[in-house]
Amino acid sequence: MCGIIGYVGKKEAYEILIKGLERLEYRGYDSAGVALLSNNVISVYKKKGKVAELKNFIQKTPKGNIGIAHTRWATHGSPSDKNAHPQLSNSGNIAIVHNGIIENYLAIKEVLIKKGYKFKSDTDTEVLVNLIEDIRINGSKKLNLDEAVRLALQKVTGAYAILVLLKDEPDTVVIAKMGSPVVLGIGKEEFFIASDATPIIEYTNKVIYLEDEEMAIIKTNRESNKITIKTINNKIKNPNIHTIKTKIEELEKGGFKHFMLKEIFEQPHAIKDSILGRIKNGKVRMEEIGEYKNNLLNAKRIIILACGTSFHAGLESKYFFEEYSHIPVLVEYASEFRYRKPVIYKDDVVVAISQSGETADTLAAVKLAKEQGATIFSLCNVVGSSISRIAHVPIYTFAGPEIGVASTKAFTTQIAVLLLLCLFIASEKRLLSNKKIQNILTEFENIPQKIEQILLEDKSVKEIALKLYEMQNFIYLGRGYGFPLALEGALKLKEISYIHAEGYTAGEMKHGLLALVDKNMPVLFIANKGSSYEKVVSNIMEVKARNGIVISLITKGDARIKKIVDYVIEIPETSDVMLPFVASIPLQLLAYHIALLRGCEIDKPRNLAKSVTVE
Ligand code: M6R
């Protein structure tokens, strides 16, 4: 949700900032801007629209070795030139870019207006930059930028990751964080600052993750480079420098038309990488659990906290946990959980699932559960992300960077690792025999190959998309392991093709949903030959009797369903538990092809952003 980037060094900053914005654009893309500081002048360029529009708008490459930039996902104020960042203070002396929301901005704005400040935008960010200015100039002597920022932050509530420049301090960038993420890249005589590491890794793999309520002051001039990290309460901190392993090729499309398509096709590999080293000699190893093993094995309950696709992965894992580890599982939308008064016991284990590891609602829900004594496991795809850092047991998927806003490989790798976690519990508690576990693992290890087979059948999914892409509504139905898949399939379709789609359990259909079915309603059934097969066939008949258009995901060779439905997508035969791994692939492909035919912006769907760092 908004991408911010900064550069401090000896090189020309503009190209680095623009390239960085392009890499961060998946976080928000309704306006973009840069500010460069050179010869005690701050030049700001900003424009509504994507980074490409900003580039077209800036005719002549601006100069400067220090700069900050922003790509926006609007919260306060509609997408427009005036609301784009950087925002300037009234005097034009201070420039800021901001990711987050200043919750008490209206109260601060009123005070500033009384003091004579004028506001040109509708943003909370412009209030913050003027607060910094006001604090800097209103004492007996002018404060340094970092001190003014520090004191201003003590007056605000909400979330922020900010980069601030001051005209009179031409060698300095001040950075601060609360809630929203910031990574500092340490190069040779240069520094990079960004919302995440994606724009940094082509320059350096040495990074510092700023923690909440921390600020960094970076100064560079001919003689020296200096980075100081302290809290907003003025306590100096020693930075921990981490080495990141992501390779630059992972951030490119690699010949695919879209990141989403590339990421769908990466799934066999992503699953293999995520289970690598976790299965040995027919046993599951989860070494990261370490000293928290007993907390997990003795848990009376598992609470899964997540949003969006990660929530669906959590829901899928509820079936795994109940089937194999006999532990009751609650799967909760993090955004609801944190605002209730949830009952949390000390022997609860919370599993927070988040691809980005930065989702604000999930992070806040985890903090709440941790404060109340639960043991926190996290499952994230981004090493060092905020949720992983707060967890007692950070567990990772190794899917590689997911750039497309629609989650694909994150889902399949999340359920892969969650399945292993269940089997680990089952094995440690001797709930399943070694033989049974070995059989499950043998089938599981063949999943990447089965996904490859499905990917080869992409053409048949495309043909169905061609027939149905002009429809206005869709229903997705499944039972058991197929139910979370129905939710996920519908989410994929609506977010990238803007078609209204509902995911439902097939059993609930007759309690209301069926009223929607007529000859214009495509209904997609997950109808593999599993334990719910007969029941699902009956549901298909019910829809056909009302003239609905039925698309069925069927087990390869299922002639019975083929005869009664309009379209089929065949998937290889699997046990119930492996269904989500194979059935999710055609659902992703169908959404992709429909969106493509409708001419939608697949990787950056309207109104959405990859990493939702506001509540
Ligand atoms: O990074 P997270 O897994 O925490 O993100 C959660 C959701 O925002 C995310 O899954 C979203 O629903 C995706 N766009 C779905 O494709």
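Predicted model: local features only at pLDDT ≥ 70, side-chain atom pairs only at ≥ 80, totals over all residues.
Residues are numbered from 1 along each chain as its sequence is written, and local features are reported only at pLDDT of at least 70, with side-chain atom pairs counted only at pLDDT 80 or more. Totals for chains, interfaces and linings use all residues, while side-chain values rest on heavy atoms, with hydrogens and water left out.

The domain assignment of the protein gives domain 1 (3-249), domain 2 (253-445) and domain 3 (453-615), such bounds coming from an automatic or database domain assignment. The centres of domain 2 and domain 3, taken over C-alpha atoms, are separated by 24 Å, and the contact (heavy atoms within 4.5 Å) takes 43 residues from domain 2 and 37 residues from domain 3. Between them, domain 2 and domain 3 bury about 3,300 Å², of which 66% is on carbon and sulfur atoms; buried area is here the accessible area (1.4 Å probe) that two parts lose on being put together, summed over both.

On the side of domain 2 that touches domain 3, α9 gives the most, with nine residues; helices (H or I, at least four residues) and strands (E, at least two) are DSSP runs, numbered from the N terminus. One salt bridge is counted between domain 2 and domain 3, a salt bridge being a side-chain nitrogen of Lys or Arg within 4 Å of a carboxyl oxygen of Asp or Glu. The side chains of K610 and E402 meet in a salt bridge at 2.6 Å, N to O.

By this rule the count comes to 37 salt bridges. Among them, E190 pairs with K11, the closest N and O atoms being 2.9 Å apart; E190 lies in the loop between β9 (183-186) and β10 (191-194) and K11 in the loop between β1 (3-8) and α1 (13-24), so the pair ties together parts that are 179 residues apart in sequence. E190 is buried, at 8% relative accessible area, whereas K11 is partly exposed, at 40% (buried means under 20%, exposed over 50%, partly exposed in between, with a 1.4 Å probe and protein chains only).
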